[in-house]
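Biologist: I am new to this structure. Please take me through how to read it.

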Amino acid sequence: MNPLTNVKNIKRLGEQELLSDRKTSWHDQYKDSAWIFVGGLPYDLTEGDIITIFSQYGEVVNINLIRDKDTGKQKGYGFLCYEDQRSTILAVDNFNGIKILGRTIRVDHVANYKAPKDSKNIDEETKRVRREGCAPKNVQ
């Protein structure tokens with residue numbers, strides 16, 4: 001599906017939710033994941049740039065910006081994890097469809113994020129987040 005069609009579909013879901021009498025949100029199906037997908041990014045943005053932008057709606061605890069293995073250049077999409085899952089709702093609702101440096105980005109929830117295989121150059125905190133996840137823990 002065309003990325004811009006996805007942007008429009010997500011916006012339409014939000015508009016329908018505002019007009020409906022339902023007591024639950026379409027975001028509820030992603031309540032166990034604090035990861036979001038971000039696509040359509042300008043190629044010259046760094047991880048730091050993206051964290052700066054997305055930290056408007058919560059603390060970013062992990063980012064996986066997909067890069068070309070040979071050149072190291074980013075491919076224009078990646079995954080980002082917030083400390084609090086509620087931040088993902090704000091990011092999806094407010095960042096999906098905006099323009100950054102002339103490019104329309106797509107932001108959506110990720111239900112089951114699968115971390116990339118560990119490399120030798122990975123720090124302990126990233127290993128822990130990939131092993132334990134960063135979604136909220138159910139405290140009862």
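**Surface, fold and core**

Modeller: The accessible surface of the protein is about 9200 Å², and 49% of that belongs to carbon and sulfur atoms; such areas come from the Shrake-Rupley method with a 1.4 Å probe. This is a predicted model, in which local features need pLDDT of at least 70 and side-chain atom pairs count only at pLDDT 80 or more, while totals for chains, interfaces and linings use all residues. Residues are numbered from 1 along each chain as its sequence is written, and side-chain values use heavy atoms, leaving out hydrogens and water.

Biologist: Where is confidence lowest and where is it highest?

Modeller: pLDDT is the predictor's confidence in each residue, from 0 to 100. Helix 4 (residues 124-132) is lowest, at a mean of 72, and strand 1 is highest, at 95. Helices (H or I, at least four residues) and strands (E, at least two) are DSSP runs, numbered from the N terminus.

Biologist: Which residues of helix 2 are buried?

Modeller: An α-helix has 3.6 residues a turn, so residues three or four places apart point the same way. In helix 2 (residues 47-54), Ile50, Ile53 and Phe54 are buried, meaning under 20% relative accessible area (1.4 Å probe, protein chains only). They lie on the same side of helix 2, because they cover an arc of only 85° around the axis, taken from the directions from the helix axis to the C-beta atoms.

Biologist: How many residues has the largest nonpolar core?

Modeller: A nonpolar core is a set of buried Ala, Val, Leu, Ile, Met, Phe, Trp, Tyr and Cys residues joined through side-chain atoms within 4.5 Å. The largest has 21 residues, and Ile50 and Phe54 are among those with the most contacts inside it.

Key: Buried < 20%, exposed > 50% of the residue type's maximum accessible area, 1.4 Å probe, protein only.
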